[in-house]
Amino acid sequence: MSRLLGKANYLALLPLLIALLFGGSPIKYAKPKLSDYGFFEGHMANQNPVPGVMPYDVSAELFSDYALKSRFIALPKNQQLVYQKDGTFNFPQESVLIKTFYYPEKFRNSNQGFRLIETRLLINTQEGWTGFPYVWNSEQTEAYLEIAGKRLNVSFIDPAGQLTNFEYSVPNFNQCKGCHVNQSRMIPIGPKVRLLNHDFDYDDGKMNQLEKWNTLGMISGLPRVSSLPHTPDYNDLESGSIEERARALIDINCAHCHRLGAPGETSGLFLNIEETDPTRLGIHKTPVAAGRGSGDLDYTIVPGQPDKSIMVYRMASTDPGIMMPELGRKLVHKEGVELVKKWIKEMEK
Amino acid sequence: MQNHLNFSIMKLIHQSIPLLFMAGLLFANIEKNLQTQFILAEPGDTITIPEGLHSIRGTLSIEGKSDLVIRGQSMDQSILSFSNQDEGAQGISITNSTNITLEGFTVQDTKGDAIKIQYTDGIIFRHVKAEWTGGPKETNGAYGLYPVQCQNVLIENSVSIGASDAGIYVGQSNNIVVRYNTAYDNVAGIEIENSNNAEVYENHSYHNTGGILIFDLPDLVQKKGGNIRVFNNLVESNNLFNFAPPGNIVGKVIPGTGILILACSNVRVYQNTILNNKSVGTGVVSYFMTEEAIKDSLYNPYTADVHIYNNTFDRWAGLPELGYDIGKLLAVKYGRNTPDIIYDGMQDPENSAGLCIQNNDDARFTDLDIEHNFEEWYSPFISNFSEDMSPHNCGREHPLTSSVK
């Protein structure tokens, strides 16, 4: 009897319990707590990855209410990412992408006083990619699965010294797919060649991330890295022209929806970095299904006139019936709005 | 051994706390409760919206589900109010699903669209109401009942009130039935846009800016609509001011529009009762009327193969809406006796099937011939509109039948 109910056996019961609760839903692939996965060693909030869990970053980031983010990728043992011609990867089953959202108390002195808010896991399950949000407890010792999302009060002091208080929203299980979707299937957004193709500060020195992953045997079929595209860091003035930086910003913040095959396609507005058609990019394009999101303006972009451009109006709003993106943002990305304004301002009329 | 057993059970309970916690949420608050049920639903489930006026702060979403029924007690008893919404643009959002039935509830005062359905095959709205309770206002959400890029859509016995674009709107979809619904105080009561195989019948659309709109617009993913039948509807007194936020194409619809067909082909409008719409009882116009540039090379801006027959028209004598160019034109030419059927004369040069008008009692007609009549600013005053319907009498194709209503 004691053997039947030993440690190994009650652990074996857990999936059953989860299966009973969640039936055929992909939620059965999730563990109840972040620590159950064993991605980190030591005090979990310090996010020291165990061997096999690889930190990375992306050159252009989705704006998430000024949250800082740490990212890790965990591939199943001896398996590889397969390079695809379109600049994405095929991920082996059971790959996990780990992204933690956190705030420093003060952005100016970001070494002290971090508060971890949530960790989102994207797991490539038998049924395809699935997103699971884990919310950190106030003791910062554990994060728990919260499928229905959660609202949390967050305050931080921004780079300008201003205290910001707002209600942070952890997305629910469905909302993950609202962004991570293509042709009705969930996909990762960040780990693409063009967003990874830059140096990362590893413990053993700086190295291009793709080179590093390749050296470690994490990728198969990768072409010469110098031949691969690179998305500029829109925050870095040196990284590209205003147009290049603005296109990088709207690509990562808008194109997950505003792209053929994704929900924003109904509007006919396509904002992916590869798009070249002026109308599809919004230039002199009348809004479709925008409602009061149009802000009484006629076109998505009016070259030379950012204040007459619906794109700027919607980026600068926090009204849920107006703002873009629709989700994942409670604050205005002031620097982003300024960059897009500059881009439209200098556009040829 | 006893200790070990207790210890194991304790640990099991401990490990299950998050799960129990989630289960507990099912009884905590209605918003989290409904959202959790929407996430955990299994095929065949019915999720109940309890009786009462429930305040909801964020979009409720259903994603990737099949064979679900979402059912309230009734339209008047189960009400989801979004007047305090601070997250998400829609009230309810359903995506990538199959065979979803929404029944017997109301969605109120959403910041954006009330109920949006996308990429879904098989969606039924039955006795569902979308409404903005503060009357017609520009700040109301755009669409009430809003399936887009869907297959097999049925909207019946439902109601939409106050949408700042269209109350009942089906866009870029195929195989559609919209019947027995009521729409009022919207900009457009019912709108079918870039959609195929639609039947719109026995609806009551009144006190909107426009009663029923059948549109094909450029720059969209699904390019072309067609095979649309609009019949046995009562379309009356759609004379409401246009409160669509400027910039939206529906903002160009003149108040006093009954049925408007824009740039669409293969449309049948019959046995409708079209009463007291002061400007355009029924309009058949090309996209050129919007005065927007066309940059979509795959877009066809013309109407073609539109048949209007066996309808009953009536309107009291009165001026059309004068704040719009078309209204001014009609007033200059016809005074208080605006014609019932208005055509812009822009026949698709590549489609021989034209506009057919038959047996609409003594309905009056005008062809604005915009291609030739508007070359100079003073043109309206010298224009020769044509009231001659004979070019549009397409033989004996449609035998006379009496209107149902």
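Let me start with residues 1-8 of chain A, where the pLDDT stays under 50. The pLDDT is the predictor's confidence in each residue, on a scale from 0 to 100. For residues 1-8 of chain A the model has 7 contacts beyond four places in sequence; two residues are in contact if their C-beta atoms, placed from the backbone, lie within 7 Å. Where pLDDT is low, the predicted coordinates should not be read in detail.

This is a predicted model, in which local features need pLDDT of at least 70, side-chain atom pairs count only at pLDDT 80 or more, and totals for chains, interfaces and linings use all residues. Residues are numbered from 1 along each chain as its sequence is written, while chains are lettered from A and ligands numbered from 1 in the order in which they are written.

Chain A averages a pLDDT of 89, and 91% of its residues score at least 70. The mean pLDDT of chain B is 89, with 88% of its residues reaching 70 or more. In chain B, residues 17-27 have a pLDDT below 50, and this stretch has 18 contacts in the model beyond near neighbours in sequence. For the model, the scores are ipTM 0.80 and pTM 0.86.

I turn to the domains of chain A. Chain A is divided into domain 1 (25-227) and domain 2 (239-345), with bounds that come from an automatic or database domain assignment. Between the C-alpha centres of domain 1 and domain 2 of chain A there are 25 Å. The contact takes 21 residues from domain 1 of chain A and 17 residues from domain 2 of chain A.

Which elements supply the side of domain 1 of chain A that touches domain 2 of chain A? At least two residues each come from β12 (163-170), α2 (173-179) and β13 (181-182) of chain A. Helices (H or I, at least four residues) and strands (E, at least two) are DSSP runs, numbered from the N terminus. The largest share of that side, 5 residues, belongs to β12(A). By class, the side of domain 1 of chain A that touches domain 2 of chain A has 10 nonpolar, 8 polar and 3 charged residues. Here Ala, Val, Leu, Ile, Met, Phe, Trp, Tyr, Cys and Pro count as nonpolar, Asp, Glu, Lys and Arg as charged, and the others, Gly among them, as polar.

Next, the strands of chain A. Two strands pair if DSSP finds at least two bridges between them. An open sheet of 3 strands has the order β6-β5-β17 in chain A, with mixed pairing. In this sheet β6 (89-90) and β17 (219-220) of chain A stand at the edges with a single partner strand each, so one side of each is left without a neighbour in the sheet. Strand β5 (residues 81-83) of chain A pairs with β6(A) in the antiparallel sense over 2 bridges, and Tyr83(A) stands opposite Phe89(A) in β6(A).

Is strand β8 (residues 114-125) of chain A enclosed or open? In β8(A), 9 of the 12 residues are buried, so this strand is largely enclosed by the rest of the structure. A residue is buried if 20 or more other C-beta atoms lie within 10 Å of its own, exposed if 12 or fewer, and partly exposed in between, with C-beta atoms placed from the backbone. Strand β7 (residues 96-104) of chain A is joined to β8(A) by 9 bridges, and the two run antiparallel; Leu97(A) stands opposite Leu122(A) in β8(A). With strand β9 (residues 128-136) of chain A, β8(A) pairs in the antiparallel sense over 8 bridges. Through 2 residues, a hairpin joins β8(A) to β9(A).

Beyond its neighbours within four places in sequence, Leu249(A) is in contact with Ala60(A), Tyr234(A), Gly336(A), Leu339(A) and Val340(A).

Finally, chain B. Its secondary structure comes to 5 helices and 30 strands, and 53% of the 405 residues of chain B count as buried. One of its residues, Thr95(B), lies in strand β6 (residues 87-95) of chain B. Thr95(B) is buried, with 21 other C-beta atoms within 10 Å. Not counting residues up to four places away in sequence, Thr95(B) touches Pro263(A), Glu63(B), Gln118(B), Tyr119(B) and Thr120(B).
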